[in-house]
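Here is a briefing for a reader new to this structure. Take a look at the model, then read on.

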Amino acid sequence: MQFMLLFSRQGKLRLQKWYAPLSDTQKKKISREVIQMVLARKPKMCSFLEWRDLKIVYKRYASLYFCCAVEDQENELITLEIIHRYVELLDKYFGSVCELDIIFNFEKAYYILDEFILGGEAQETSKKNVLKAIEQADMLQEEAETPRSVLEEIGLT
Amino acid sequence: MPAVSKGDGMRGLAVFISDIRNCKSKEAEIKRINKELANIRSKFKGDKALDGYSKKKYVCKLLFIFLLGHDIDFGHMEAVNLLSSNKYTEKQIGYLFISVLVNSNSELIRLINNAIKNDLSSRNPTFMCLALHCIANVGSREMAEAFAGEIPRILVAGDTMDSVKQSAALCLLRLYKTSPDLVLMGEWTSRVVHLLNDQHMGVVTAAISLITCLSQKNPDEFKTCVSLAVSRLSRIVSSASTDLQDYTYYFVPAPWLSCKLLRLLQCYPPPEDGAVKGRLVECLETILNKAQEPPKSKKVQHSNAKNAILFEAISLIIHYDSEPNLLVRACNQLGQFLQHRETNLRYLALESMCTLASSEFSHEAVKTHIETVINALKTERDVSVRQRAADLLYAMCDRSNAKQIVAEMLSYLETADYSIREEMVLKVAILAEKYAVDYSWYVDTILNLIRIAGDYVSEEVWYRVIQIVINRDDVQGYAAKTVFEALQAPACHENMVKVGGYILGEFGNLIAGDPRSSPLVQFNLLHSKFHLCSVPTRALLLSAYIKFINLFPETKSTIQEVLRSDSQIRNSDVELQQRAVEYLKLSSIASTDVLATVLEEMPPFPERESSILAKLKKKKGPGAVSVNELEEGKREGGELNGGGERGGDGSAIAASNASTPSPSADLLGLRTGPPVTAAAPSAGSLLVDVFSEAGVNDDGFLRDLEPPTESSDSLLAEGPGDSDSAPPSVVSEDPATPLPESNELLNKFVCKNNGVLFENQLLQIGIKSEYRQNLGRMYLFYGNKTSVQFVTFTTTVTCPGELQSQLNVQSKTVEPLIEGGAQVQQVINIECLTDFTDAPLLNIKFRYGGALQNLTLKLPVTINKFFQPTEMASHDFFQRWKQLSQPQQEAQKIFKANNAMDTEVLKAKLLGLGMALLENVDPNPENFVCAGVIQTKAQQVGSLLRLEPNAQAQSGEQMYRLTVRSSKDTVSKRLCELLAEQF
């Protein structure tokens with residue numbers, strides 16, 4: 001996989017993960033192009049698009065589009081299920097996930113993705129194992145955190 | 001703001017995100033962000049040491065701001081500090097920040113690598129995984145240097161936790177992709193291969209990606225993986241859907257691993273060991289059988305996962321191409337999908353069948369689905385699916401069904417999406433040629449193609465039909481008759497006129513016996529189209545006329561009269577004028593014998609690779625064309641210009657007819673990668689001829705270019721730099737903004753001096769220019785493409801802003817009236833006073849049928865036009881290079897190649913730039929170095945250039961590094977900008 005993008009129906013990028021070395025300008029250009037292309041598609045059209053020498057595989061979940069760019073010889077259907085599994089992971093972790101969860105907890109969305117896919121390839125496809133890893137990490141931080149005052153939290157002190 | 005259900009909940013971050021979301025406008029958002037950035041900056045700079053939590057929060061905010069698309073130029077150090085925190089979440093945020101915002105700052109990389117090293121040796125699996133994720137995410141060469149030796153050891157060590165192994169495997173894969181030379185598997189190979197046997201499915205899933213990549217590069221060293229993969233696959237395929245627990249996905253056992261195993265096997269030929277092969281065939285059969293079973297769930301995930309494995313199995317079956325039984329079964333299975341209600345499956349079935357069609361075992365089975373595929377082409381609502389259907393029709397076409405398929409594709413073409421028309425045209429043309437039993441069908445098909453989709457018929461296609469007609473005498477009479485009939489249509493496409501002109505010029509005699517197509521009738525028919533055509537077509541028609549004089553002496557007087565008319569012999573287009581003059585002279589002084597020799601019928605073209613096939617390959621990549629087509633030879637460009645190379649008496653006409661790089665072919669050259677032909681030396685020398693023929697010899701040319709005198713008019717004129725010769729009415733009130741594409745148009749002329757600057761439906765603007773020292777002269781040709789006259793045609797050339805003091809531009813007035821089909825010329829004199837960056841603006845106004853047309857372009861006057869090439873030896877070059885060593889004297893750009901890296905093309909472009917191309921100067925023969933001096937009135941600016949192509953850059957793309965050093969910084973910068981767009 002070369003990259004994964006999550007974006008809203010309005011074309012706002014919610015998560016971007018790049019597995020190939022690209023400059024920031026290239027990334028911005030590619031995101032714009034891909035988002036525009038995918039948003040122009042009508043429902044019921046097929047989920048695969050040829051784009052440059054890559055294949056774009058996308059699926060819409062409620063207000064969010066999940067979109068992966070994979071190499072030409074890659075299997076489209078299994079990529080579609082990569083997307084679905086990621087959605088399941090988010091859903092399980094956040095408890096019926098919505099776009100807002102991903103906006104406000106973007107770092108978590110990245111952690112979950114890193115546990116599931118690394119360097120563009122599936123690392124662990126078992127839902128239980130991925131969530132276990134994330135929950136262990138959450139445990140680690142809960143032990144470490146000490147409660148703080150509200151004022152301190154919002155940076156007024 | 002939603003309740004943060006889990007995790008650390010940095011409330012300050014949530015508040016900030018809410019604020020951003022509540023911003024009503026982009027400006028408000030930017031304001032809020034700037035406020036936050038200022039706050040964070042002051043916190044980071046403040047005297048009070050920040051605790052880990054605050055640091056984490058601020059770094060996280062910076063990350064959020066960056067992901068919104070804003071630039072972040074600080075905070076890296078704080079993020080690196082977090083890496084060494086004992087608190088997991090702080091470390092985690094630090095790593096995330098580094099992964100997203102890598103900085104090539106070497107000092108930082110060293111610190112990051114240190115932190116990673118500590119975590120890798122911490123023996124805490126969670127920390128180790130974080131560090132490995134970071135390496136995999138960044139994947140830089142520095143990291144490969146630091147860790148490529150360490151990670152294989154972690155991967156195979158007996159005491160490494162499974163989760164760490166998984167991360168290590170994929171981390172290594174990423175490093176191998178960026179720096180294969182640094183990842184040495186050697187002693188680890190066998191232990192890595194044996195990870196396929198690991199008990200933990202997750203470890204196998206991660207490791208197999210690494211093994212597949214390594215096998216592709218070193219198949220021999222990894223070939224033991226084949227039998228291991230087969231047995232692993234066999235165990236998965238035969239397991240019940242619950243056996244694999246959490247690795248079963250919607251009742252499908254381990255779909256990801258299965259796909260990856262099948263993919264790994266595609267790196268190798270079929271197993272030689274009979275037992276292994278038997279087991280594998282069994283697996284493949286099981287997969288095909290399972291696809292037929294009733295679904296265990298109605299969920300689309302179930303069918304997707306199952307079919308993902310099926311398609312991957314079919315890919316393997318096609319890859320082996322040795323099991324007829326499996327191939328035919330695969331084909332039948334895909335046949336069922338062709339009518340599936342899921343669009344995705346129809347798309348994939350069409351795509352997969354395309355490859356099945358090229359196997360001799362399944363070709364016939366694929367053909368049985370022809371009706372379904374034709375139906376898909378007609379009824380699919382999604383253009384990408386229709387495209388696949390068209391591809392499949394192309395792939396399944398053979399002698400038995402060619403007529404049907406070509407007919408269907410032709411009829412589809414009438415309504416086809418614009419985006420795929422050109423490709424469809426190429427495909428139809430190729431099929432028609434390849435499977436033509438009788439060539440009359442071929443001729444009919446191509447003429448139909450021109451009729452239906454004339455705009456999409458590229459030159460290659462019409463060149464090819466002429467090549468074929470010339471080479472096959474059995475079809476020549478039919479071709480002449482058919483084009484003659486096609487030309488009867490009141491409106492026919494210009495490409496039809498081209499084919500018609502060429503064929504009647506060669507073979508009109510074959511139908512001249514019929515009084516309905518007597519020589520004069522033929523001539524009148526062709527000539528009735530003349531005024532509607534563009535200059536290149538007119539040039540071709542003129543050649544057809546002279547050929548007529550040879551074929552039919554009775555047309556001589558009529559044609560001579562046409563040639564002698566003012567609109568030909570005094571045509572403002574030099575090419576047309578030259579042809580008219582030469583042909584007229586030739587026809588009046590040459591004896592019949594000489595005429596017959598000079599105007600002899602074109603000899604057959606050498607058989608080469610079809611130019612249209614070459615074009616399709618270029619368009620779609622080699623995969624688009626089946627193997628047997630590729631065998632025909634690699635040589636590209638078997639175009640008509642073969643005719644020009646043959647020389648001999650007919651060469652003058654042959655060359656111009658055949659669109660070799662002649663000035664007029666160049667004027668038409670928008671489609672065919674203009675700089676290639678335009679920069680060729682032959683075009684240059686032709687231009688010089690043209691100039692001298694027009695009575696402007698070299699000296700006169702220079703003498704004419706007296707610097708424009710200062711006149712009091714120009715002081716009064718409103719527009720900056722308004723030329724005093726411009727008609728008074730057109731001093732433009734509004735500093736017109738140039739067309740959006742004008743920069744692109746300008747870029748096309750950096751390395752060449754002639755060509756078409758602009759073209760729309762009404763107007764074509766051609767340019768010829770020449771420069772000497774700091775002076776230049778430019779001829780602009782305004783062609784009216786319509787049959788209606790343009791009135792109040794005025795042009796204004798202005799130098800905006802400071803350009804006014806840098807360039808002196810004078811233009812002569814143009815005729816205010818351009819008749820339909822006519823062309824007028826304008827001369828512009830240019831003097832370079834000092835170096836400049838912007839280009840002069842050319843504003844054109846005219847009325848066409850009452851409507852005012854107004855457009856502004858950039859005149860392609862760029863600083864490099866005033867280059868004088870400077871030859872120098874290697875030693876001198878480097879000495880001067882060193883002398884220009886102040887940082888501002890150098891400009892450098894690294895950019896992606898837009899075109900193939902062809903040495904000859906590169907050289908031609910660099911020569912076109914105007915500098916001297918220095919051979920044997922750079923120690924690396926791949927590099928190009930050039931030297932030249934820019935001549936301006938105020939000063940001379942010496943410039944050196946070095947272009948380093950890198951055909952295999954890190955990202956797999958072709959890159960260039962361009963370095964320019966000049967005695968003036970603005971010149972370096974501008975040259976660099978201009979050139980970066982050229983390759």
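Chain B exposes about 41600 Å², and carbon and sulfur atoms supply 50% of that area. Accessible areas come from the Shrake-Rupley method with a 1.4 Å probe; for residues, only the protein chains shown count as cover. This is a predicted model: local features need pLDDT of at least 70, side-chain atom pairs count only at pLDDT 80 or more, and totals for chains, interfaces and linings use all residues. Residues are numbered from 1 along each chain as its sequence is written, chains are lettered from A and ligands numbered from 1 in the order in which they are written, and side-chain values use heavy atoms, with hydrogens and water left out.

**Chain B overall**

- Chain B holds 46 helices and 16 strands. Helices (H or I, at least four residues) and strands (E, at least two) are DSSP runs, numbered from the N terminus.
- Of the 983 residues in chain B, 56% are buried. Buried means under 20% relative accessible area, exposed over 50%, partly exposed in between (1.4 Å probe, protein chains only).
- Take the contacts in chain B with a separation of 6 or more: residues 24 or more positions apart account for 69% of them. Contact means heavy atoms within 4.5 Å.

**Chain A overall**

- Chain A has six helices and seven strands. Along the sequence they run β-β-α-β-β-β-α-α-α-β-β-α-α.
- Buried residues make up 59% of the 157 residues in chain A.
- Among chain A contacts between residues at least 6 apart in sequence, 46% join residues at least 24 apart.

**Nonpolar cores**

- A nonpolar core is a set of buried Ala, Val, Leu, Ile, Met, Phe, Trp, Tyr and Cys residues joined through side-chain atoms within 4.5 Å.
- The largest nonpolar core has 278 residues. A:Tyr86, B:Ile116 and B:Leu449 touch the most other members.
- Beyond its neighbours within four places in sequence, B:Ile116 contacts B:Tyr95, B:Ala131, B:Cys134, B:Ile135, B:Met143 and B:Phe147.
- Another core, of 62 residues, lies apart from the largest one. Its members include B:Val750, B:Phe790, B:Phe928 and B:Val964.

**A helix pair in chain B**

- Helix α29 (residues 535–551) of chain B packs with helix α32 (residues 574–589) of chain B at an angle of about 5°. Their axes are 10 Å apart.
- That angle makes α29(B) roughly parallel to α32(B), because angles under 35 degrees count as roughly parallel.
- Residues making the contact include B:Val535 and B:Ile549 of α29(B), and B:Leu576 and B:Tyr583 of α32(B).

Definitions and conventions: Axes fitted to C-alpha atoms, helices over the stretch in contact; angles between N-to-C directions. Parallel < 35°, antiparallel > 145°, perpendicular 65-115°, else oblique.
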